[in-house]
Amino acid sequence: MTNWLLLHYKLPNKPSALRVYIWRKLKRFGAILLHEAVWVLPDLPRTAEQIQWLAAEIEEMGGNAFYWRANSLLRTQEDSIVRQFQEQVDAVYSGLLKQLEKSKPDLQEISREYQQALSQDFFQSKLGLLVREKLTSKRGEQS
């Protein structure tokens, strides 16, 4: 069973830029909105540190942040959460595969996007391996 990090936060209504900033950061971490204002990430050393820093930022902005560790009691719930993480990262990988099919793909940009997706690939997507293989192959063709 996977252990999870949950984050619930509340920020002042104004300025709205603070809420957008936090939302973007959570998306960049690869977090999934589980329910209303509860975000979830797999409990890994890197994600735990990210959530701790983010909670501190939220407090500095005048908000409240609560985070805790949890595990799912039902296997079906855990499977559903894992599937959401996989679908999120597979959507990015599918886009990268399409870019790699172009006649002159921007390998530097694709590589940057791949690294970002890889940081959110908590469950080792098969599509991610395929992107890596194709990216490596394309780089070899340009050498």
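Here is a short walk through this structure, from its sheet to a group of aromatic rings. Keep in mind that the model is predicted.

Let's start with the sheet. Strands of a sheet pair through backbone hydrogen bonds, either parallel or antiparallel. Here 4 strands make an open sheet, ordered β2-β3-β1-β4, with antiparallel pairing. The edges belong to β2 (32-35) and β4 (64-71); each has a single partner strand, so one side of each goes without a neighbour in the sheet. On average, neighbouring strands are turned by 35° against each other, direction ignored.

Now look at β1 (residues 3-10) and β3 (residues 38-42): they run antiparallel and are joined by 5 bridges. For instance, L5 has L41 in β3 as its bridge partner. Lying across β1, β3 and β4 is helix α2 (residues 45-60), which runs at about 160° to β4.

Next, the aromatic rings. The whole structure holds 5 aromatic pairs. One of them is W4 with F123, a tilted pair with 6.2 Å centre to centre and 45° between the planes. W4 sits in strand β1 while F123 sits in the loop between α4 (107-119) and α5 (126-142), so this pair ties together parts that are 119 residues apart in sequence. W4 counts as buried because its relative accessibility is 2%, whereas F123, at 21%, counts as partly exposed.

F123 also pairs with F85: the ring centres are 6.1 Å apart and the planes stand at 55°, so this pair is tilted. Since F85 belongs to helix α3 (residues 75-100), the pair links parts 38 residues apart in sequence. F85 is buried, with a relative accessible area of 1%.

Note on methods
Residues numbered from 1 in each chain as written. Predicted model: local features only at pLDDT ≥ 70, side-chain atom pairs only at ≥ 80, totals over all residues. Heavy atoms only, no water. Pairing = 2+ DSSP bridges. Helix = DSSP H or I, 4+ residues; strand = E, 2+ residues; numbered from the N terminus. Axes fitted to C-alpha atoms, helices over the stretch in contact; angles between N-to-C directions. Contact = heavy atoms within 4.5 Å. Phe/Tyr/Trp six-rings, centres within 6.5 Å; stacked < 30°, edge-to-face > 60°. Buried < 20%, exposed > 50% of the residue type's maximum accessible area, 1.4 Å probe, protein only.
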